[in-house]
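Please look over the sequence and the model shown here.

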Amino acid sequence: MVTKVLCVAEKPSIAKAVANHLAGGQVQTRNVQGNPYVKNYEFSYNFPTWGQCSVTMTSVLGHLTSHEFDPQYKSWRSCDPSALFEARIDTIVEDDKKPVAENIKRQAAYNKVLYIWTDCDREGENIGTEIRSVATQGNQSFRQPGNTVRARFSNIERAHIINAARSPVQLDEAQSNAVSARIELDLRIGASFTRNLTMSLQPMLQQRSGEDRSQVISYGSCQFPTLGFVVERYIRVRNFVPETLWGIKVMHEKDRIKVNFNWARGHLFDRMAVIILFERCLTAKTARVTKVQTKPTSKWKPLPLTTVELQKCGSRFLRLDSQRVMQVAEQLYQKGWISYPRTETDQFDRGMDLRALVQKQTQGGPWTQFAQDLMNGGFSQPRSGRNNDKAHPPIHPVNFVVPASLSQEEQRVHEFVVRRFLACCSQDARGSKTEISILYGSEIFNTSGLVVLEQNYLDVYPYDKWTSSQDLPDFREGEVFEPTEARMNEGQTSPPGYLTEPELIALMDANGIGTDATMAEHIAKIKDRDYVQTRPRARQQRQQGEEEEYEPAEAAEPDAGAGRGRGRGRARARGGRGGGAGRGGGATTGVQEFIPTTLGVALVEGYENMGFETSLTKPFLRKEMELRMKAICEGRKTKAEVVHESIEQYRDVYIRTQQRLDSLRAVTGTLVGTPGQNGILVSGTE
DNA sequence: GCAAGGTC
């Protein structure tokens, strides 16, 4: 008698891959009525645990169930928003998931073992328990521990999958409970604060703007900190006070080459001190070469590609915002050209056959020759980063596609993924760096030169720039010369720029705001809510010695009235009459910068003016949530305890918000609707 | 009309 096993994966692609690995060719594929993506794969397999089995492998599409308030709370006017802190929450299957749930229920009736193949992360454990609960409706016996198991796997290589099939483990209830807690808290707090903010502030907004569109003012544990980052930078720009600074410039011409030496101190904010040091230079008359050192140097090839990195590079190099990059990457994934685009992993599994993947890229495209060279001995194992989500490999091309068959945007993203992958499999660029130091008076000045000897990965990865500098003349240690030119210069510190999209993504990543799959959505959300606006950043004045930025091939878009360039936020001496910011001159870089609207600033300042110890706009609350989830995972706390203590914390903020809503109204009243500024607060320094 | 997280 064969045992019947029902396997359920988190997504159709995993179901298909696992079925093919286990079945060894003998697979019967059946459609599932009502859903075009989910398939049932039938085959037989000999599990060590149960012997020869008849297996049905299917999948869900992410979370199977949703959570909503009891219908009596559906209308916004049905209750005080704070009632949502304790309102009953129903677990339901949305209409579009019903065919998926029905399929599992029906299959469950015929099967003896439920084998869960969701991703091995917290959400995966939770989706696993959702699957078990739906399956149990069709077959009570899955309630018994031995009848429901899960697979432990971190990639879909054949050997790895077969090993996972041979050693089933239990679902991790604690991890699943941690996710349940997060779901409940996000729903209760998000819905109550959103209703309260919207109903309290909307009348004023409409009155001011004269519009009657129903604008939602939402609160979410991710969208608010995201807004907070944008506002914080904006305030820093607005409050920036330039400081005057002084430096010493030394130039010497030798062998018809002009060499600029940089003062080791950079600059000082004390004019008299610089005058004294400068005069010592002039008194000394001659400078002496104290160091001439030439040594090999290299520029490291990039790390394997994660989602966060893809989004940052998309903003920087491809002229696509993070949400668009993800949409395009998703399309490329579904068409089978690239691997799963949502991954935190920046290390390739040792067992992966990377050469086979490189080989596929020798079939065409502008990188053909480079890929061929890698196959002819240039291949080098990619570097390993520090992150591994144990669910997905780094993003890489999985097949060859003729670029012309893709849309324009798809081509850009695909080309980036391929070039990044080939760069990872190539070698670091190598060069030779010469450093020269001189002692002039009491002061040290340095200069350096670079000769790029081997481009290596740079040949396929134009997004990185590393170019040879002008040749340095021949200096000898101990050599004495009288500098051609020495002068004191005055400059000013320049303000930081507004937050750019790659910076925002980096901040969210570092502070655990959102996941690789959702960060772009949170950014899109605060734009959609009219909390922030974006505009192309004006091109920066290039500083001498600064690395060149990669510029997209397309012509720059016209400047959307931005007008002014911005400094980079680092103190830097500039020549001339202390002209602070560079002049954009109408040209823009590809990168977008974020500026909060009056509404966005009002929300953040309104909450901050209330002076709570728990700040809704700072990332700490989300970090706290992360710690509490971890406590549940490690069995130090129960879900009920965490939900209770978090709700009480937010209830406190809610009550005090209510009491101080006047403060919020007052600030909003002064800021919203500043005439003629299209909702953008202009910097106070302008 | 509300959140954030999966996935298509």
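Predicted model: local features only at pLDDT ≥ 70, side-chain atom pairs only at ≥ 80, totals over all residues.

Residues are numbered from 1 along each chain as its sequence is written, chains are lettered from A and ligands numbered from 1 in the order in which they are written, and side-chain values use heavy atoms, with hydrogens and water left out. Helices (H or I, at least four residues) and strands (E, at least two) are DSSP runs, numbered from the N terminus.

**Surface near DNA strand B**

- A residue is near the strand if one of its heavy atoms lies within 4 Å of it. Around DNA strand B there are 42 residues, of which Lys97, Glu330, Gln334, Tyr340 and His522 come nearest.
- Helices α5, α9 and α14 each supply at least two residues of this surface, and α5 gives the most, with 10 residues.
- By class the surface has 13 nonpolar, 16 polar and 13 charged residues. Here Ala, Val, Leu, Ile, Met, Phe, Trp, Tyr, Cys and Pro count as nonpolar, Asp, Glu, Lys and Arg as charged, and the others, Gly among them, as polar.
- Sugar or phosphate accounts for 64% of the atoms of DNA strand B within 4 Å of the protein, and bases for the rest.
- A polar side-chain atom of Asp186 lies 3.3 Å from a sugar or linking oxygen of DNA strand B.

**Salt bridges**

- A salt bridge is a side-chain nitrogen of Lys or Arg within 4 Å of a carboxyl oxygen of Asp or Glu. By this rule the count comes to 38.
- Asp186 belongs to a network of salt bridges that also links Glu123, Arg182 and Arg622.
- Arg188 and Glu184 pair at 3.0 Å, N to O. The two are four residues apart in helix α5 (residues 173-209), so about one helical turn separates them.
- Burial means under 20% relative accessible area, exposed means over 50%, and partly exposed lies in between (1.4 Å probe, protein chains only). Both members of this pair are buried, Arg188 at 7% and Glu184 at 18%.
- Lys335 and Glu410 form a salt bridge at 2.8 Å, N to O. This pair links distant parts of the chain, 75 residues apart: Lys335 is in the loop between α9 (322-334) and α10 (354-360), and Glu410 is in helix α12 (residues 408-424).
- Lys335 is partly exposed at 45% relative accessible area, whereas Glu410 is buried at 4%.
- Glu435 and Lys433 meet at 3.8 Å, N to O. Glu435 is partly exposed at 22%, and so is Lys433 at 30%.

**Two buried residues**

- Lys301 sits in the loop between β11 (287-299) and α8 (307-317). This residue is buried yet has no salt bridge, and the nearest side chain of opposite charge, Asp428, is 5.3 Å away. Lys and Arg count as positive and Asp and Glu as negative; His and the chain ends are not counted.
- The side chain of Lys301 does make a polar contact with the side chain of Ser380 at 3.1 Å. Such a contact is a pair of N or O atoms within 3.5 Å; within protein, one must be able to donate a hydrogen and the other to accept it, and residues adjacent in sequence count only if both atoms are side-chain atoms.
- Phe69, in strand β5 (residues 66-69), is buried with a relative accessible area of 11%.
- Contact means heavy atoms within 4.5 Å. Not counting residues up to four places away in sequence, Phe69 touches several residues, including Leu84, Ala87, Leu187 and Arg188.
- Phe69 and Ala87 are 18 residues apart in sequence and 6.6 Å apart in space, C-alpha to C-alpha.

**Positive phi angles**

- Most residues other than glycine have a negative phi.
- Asp255 has a positive phi, near 50°. Asp255 lies in the loop between β9 (244-254) and β10 (257-263) and is exposed at 51%.
- Asp530 has a positive phi of about 70°. Asp530 lies in the loop between α14 (519-528) and β17 (532-538) and is partly exposed at 27%.
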